[in-house]
Amino acid sequence: QDHRDDMGGTGSFDKNTRTLYVTGMAVMQSPQGEEILARHFGQWGEIEEVSLKPKYGCAFIRYTHRFYAEFGKVAMAEQSLDHNEQINV
C-alpha cells in the first residue's frame, strides 16, 4: 500500500509532492483570492505558486519543499481564512 487509509497527507509515500489541494473557500470569487491563500498558507513555509481554480471550486498551493507542504497541511486542516469558512486541505 502506497497511501494512507484516511487519504490524509500530501500524497503517496512513493511520490515526493509539494502541492496541497484545498476546497471549501469563500475566496474563490475574490480578486484577492490568491493573495489571501498565500498569506494564510505562507505562514508554514515558502510558497512557489498559488493556483486558484474558481470553475472547479478549489486551489492548489505548491511549496518549495515537501516538509513545508506537510506542515501546512496539518496546520491548516479545517481552519478558516478571512471569511470564517472551514476549508478542506
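Predicted model: local features only at pLDDT ≥ 70, side-chain atom pairs only at ≥ 80, totals over all residues.

I took helices (H or I, at least four residues) and strands (E, at least two) as DSSP runs, numbered from the N terminus. With that, I read the pattern β-α-β-β-α along the protein chain, which comes to two helices and three strands.

Residues are numbered from 1 along each chain as its sequence is written, and side-chain values use heavy atoms, with hydrogens and water left out.

Next I checked burial (buried is under 20% relative accessible area, exposed over 50%, partly exposed in between; 1.4 Å probe, protein chains only). Of the 89 residues in the protein chain, 36% are buried.

Then I looked for aromatic pairs: rings of Phe, Tyr and Trp (its six-membered ring) with centres within 6.5 Å, called stacked if the planes are under 30 degrees apart, edge-to-face if over 60 and tilted for the rest. I got three aromatic pairs.

One of them is Tyr 21 with Phe 60, tilted, at 5.6 Å centre to centre and 50° between the planes. Tyr 21 sits in strand β1 and Phe 60 in strand β3, 39 residues apart. Tyr 21 is partly exposed at 44% relative accessibility, and Phe 60 is partly exposed at 33%.

Another is Trp 44 with Phe 71, edge-to-face, at 5.5 Å and 75°. Trp 44 lies in the loop between α1 and β2, and Phe 71 in helix α2.
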